[in-house]
Amino acid sequence: MPPGRVAATPAEAEVICRDLGGRAVVKAQVYAGGRGKAGGVKLVDSPQEAREFAASLLGGRLVTVQTGPEGAPVRRLLVEEPADVSGEMYLAVTVDRASGGPMFIASASGGVEIEEVAATRPESIINEGVDVAVGFQPFQARRVGRGLGLEGKQLGAAARIMTSIYTLFMEKDLTLVEINPLVVSGDGGLVAVDAKIDLEDDALFRHPELAAMGDPEQESPLEVEASKAGISYVKLGGSVGCLVNGAGLAMATMDLVQGAGRLPANFLDVGGSADEGKVARAVNIMLADPSVKSILVNIFGGILRSDIVARGILAAYGEKGAGVPLMVRMQGTNVEEGREILAGSGLDVAFASTLLEVEEKLKALPR
Amino acid sequence: MSILVNGDSRILVQGVTGREGSFHAARCMEYGANVVAGVTPGRGGSLFNDTVPVFNSVEQAVGETGANVSLLFVPAPFAQDAMLEAAEAGVELIVCIAEGVPVLDTARTLRYLEGRGSRLLGPNCPGLISPGSRCKVGIMPGAIHMSGRVGVVSRSGTLTYEAVSQLTALGLGQSTCVGIGGDPLIGTNFVDVLAMFNDDPETDLVVLIGEIGGSMEQEAAQYIKESFGKPIVSFIAGATAPPGKRMGHAGAIITGADAAAEAKNRALRDAGAAVVPSPALIGATVAEAMSGAS
């Protein structure tokens with residue numbers, strides 16, 4: 001890695017740049033790739049320029065192809081020595097769905113998103129699968145290195161980098177370690193100019209030290225709130241809030257909303273073992289989203305009882321929900337009781353029994 | 001006939017004394033499934049529901065009862081151990097319900113299963129049910145199913161229940177409904193299940209329910225084109241999902257062109273599948289395909 005430090009203020013960026021000899025690369029630190037194209041990375045030629053660029057980024061939000069339209073907040077910058085480079089390579093290890101295990105992906109055409117390389121120069125992509133029973137082998141590292149066009153000392157250095165990132169990947173239960181670009185520096189060594197790792201949420205129970213490093217400000221407040229409640233939630237652009245049990249049905253419900261000429265405000269899977277409190281929190285999250293103009297509840301209950309869902313909705317709606325019409329489709333256990341609870345509540349509620357009916361009645365909801 | 005399970009299946013439930021395990025084991029038995037054993041380490045020697053013997057290990061349970069299917073209600077952090085224990089004991093079909101199994105745990109488990117006689121269904125799946133043989137090995141509501149000639153294979157849980165209830169409402173019964181799971185790595189994929197339905201004389205048509213993420217639907221389309229001899233009706237969830245965001249299921253994320261719903265629908269349509277335009281029309285599309293086929 002090139003020498004450099006993290007700055008949280010423009011003044012710090014200026015000092016670090018001066019310490020590095022007056023030239024530096026300044027990079028926004030956010031939970032997303034695609035920063036270069038979005039204007040979040042710049043080569044600066046003076047400490048003054050580092051300060052000005054830092055001032056323009058810090059405290060703002062950076063919108064990249066991976067952040068969504070709301071962008072990610074920029075609180076820190078990495079200020080580092082510019083690498084004197086010849087040739088940018090891509091090197092990553094990830095989980096390959098088709099082969100069912102870890103897979104190295106490498107290309108001599110790095111420096112851009114790998115999806116772009118796959119689209120424009122697919123022949124330059126090297127795939128090397130790993131057998132988890134024995135781990136990544138040195139001969140595989142040499143094969144990938146040769147494929148990148150490396151020889152001699154550089155081949156040895158590349159193999160050591162690959163072995164290290166494989167160890168990191170397995171020990172920390174990661175789903176991605178990506179070095180992009182990996183470059184040959186002026187003195188012939190290899191330098192990882194930029195890198196990214198993806199943690200696996202499902203494995204964080206084994207890595208409390210990683211869980212503690214999370215920066216909640218990098219995520220949307222409603223998504224953080226949902227995740228605390230054990231609710232799977234993704235904010236989208238539309239106006240129909242969707243509360244569903246099960247991820248597949250939740251996606252299908254979004255598709256149904258769009259098919260009826262409306263747009264979903266969110267993906268929300270309340271889970272199979274939800275109780276009244278969890279349903280209430282889910283409704284609260286949607287009511288806290290100013291773009292939600294109506295709410296569609298679609299529950300296919302096996303375990304989850306309709307009366308519990310109805311009580312959860314009522315608990316959350318209270319006064320806050322006034323003016324947000326509700327459409328409810330519940331199937332399964334205690335449907336009649338659930339309907340009676342909502343029908344007698346005085347809320348503006350429409351009922352549907354089938355998805356066809358939901359589709360029809362969606363057309364009456366406000367845009 | 002049915003695929004994967006039938007009236008002769010001898011089912012053991014790992015984690016039978018836990019809250020979910022005991023609830024669902026009882027529902028499976030009410031439906032008619034032949035639950036012959038339970039396993040909870042440390043609780044061996046007791047009885048579940050006054051009738052089913054509980055053992056300390058899968059090895060003991062298999063040795064004493066001849067169980068050949070295991071239904072796992074073990075929490076995700078312990079699922080790898082439970083799956084490996086079942087495979088080591090020679091259980092033929094291992095059904096892992098747990099959501100949230102670390103993907104590298106699944107990778108290690110799949111590697112261990114290679115060359116052994118065990119098949120894994122899941123993780124993160126609702127299980128499977130064969131209404132004709134009253135065999136339910138999973139968490140789906142039994143009452144929405146009816147016996148018949150439509151096979152169902154799906155990456156989802158509740159969306160499968162939705163599809164099944166549409167079928168049942170139209171009088172279209174099911175031969176076997178298989179939930180393969182919503183994780184990025186799973187033990188049994190679409191092609192595996194389609195091949196079994198292809199050979200099952202009691203399945204006339206198959207409903208395939210996919211979703212965004214990965215390229216398993218494209219692999220299924222390739223197989224359908226080359227080797228599948230029955231009508232297929234398909235629905236892919238997530239046409240409105242934005243790229244790069246995980247939609248609940250660990251495997252439901254659009255990364256790359258193959259992962260989007262549109263690419264999957266195109267591949268399936270090219271392979272001759274009847275692609276359902278709206279999730280409200282799954283049953284109606286099957287009814288139409290059935291009448292066209294006969």
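A helix here is a DSSP run of at least four residues, numbered from the N terminus. Keep in mind that this is a predicted model.

Let's start with chain A. Chain A splits into domain 1 (4-80), domain 2 (86-211) and domain 3 (221-362). Taken over C-alpha atoms, the centres of domain 1 of chain A and domain 3 of chain A sit 41 Å apart.

Now over to chain B and its sheet. Strands of a sheet pair through backbone hydrogen bonds, either parallel or antiparallel. In chain B, seven strands line up as S3-S4-S2-S1-S5-S6-S7 in an open sheet with mixed pairing. Strand S3 (47-48) and strand S7 (119-121) of chain B are the edges, each pairing on one side only. Further in, strand S1 (residues 11-14) and strand S2 (residues 35-39) of chain B pair in the parallel sense over four bridges, and B:Ile11 stands opposite B:Val35 in S2(B). Lying across S1, S2 and strand S4 (52-55) of chain B is helix H2 (residues 58-65) of chain B, which runs at about 155° to S2(B).

Next, a helix pair. Helix H6 (residues 190-199) and helix H7 (residues 216-227) of chain B pack with their axes 9 Å apart, at an angle of about 30°. Angles under 35 degrees count as roughly parallel, so H6(B) is roughly parallel to H7(B). Their crossing, H6(B) with H7(B), is right-handed. From H6(B), the contact takes in B:Phe190, B:Val191, B:Leu194, B:Ala195 and B:Asn198; on the H7(B) side, the partners include B:Met216, B:Ala220, B:Tyr223 and B:Ile224. Sort the residues of this H6(B)–H7(B) contact and you get eight nonpolar, two polar and two charged.

Methods
Residues numbered from 1 in each chain as written. Chains lettered and ligands numbered in written order. Predicted model: local features only at pLDDT ≥ 70, side-chain atom pairs only at ≥ 80, totals over all residues. Heavy atoms only, no water. Domains from an automatic or database assignment. Axes fitted to C-alpha atoms, helices over the stretch in contact; angles between N-to-C directions. Helix = DSSP H or I, 4+ residues; strand = E, 2+ residues; numbered from the N terminus. Parallel < 35°, antiparallel > 145°, perpendicular 65-115°, else oblique. Left-handed = near helix turned anticlockwise from the far one by under 90°. Contact = heavy atoms within 4.5 Å. Nonpolar A, V, L, I, M, F, W, Y, C, P; charged D, E, K, R; others polar. Pairing = 2+ DSSP bridges.
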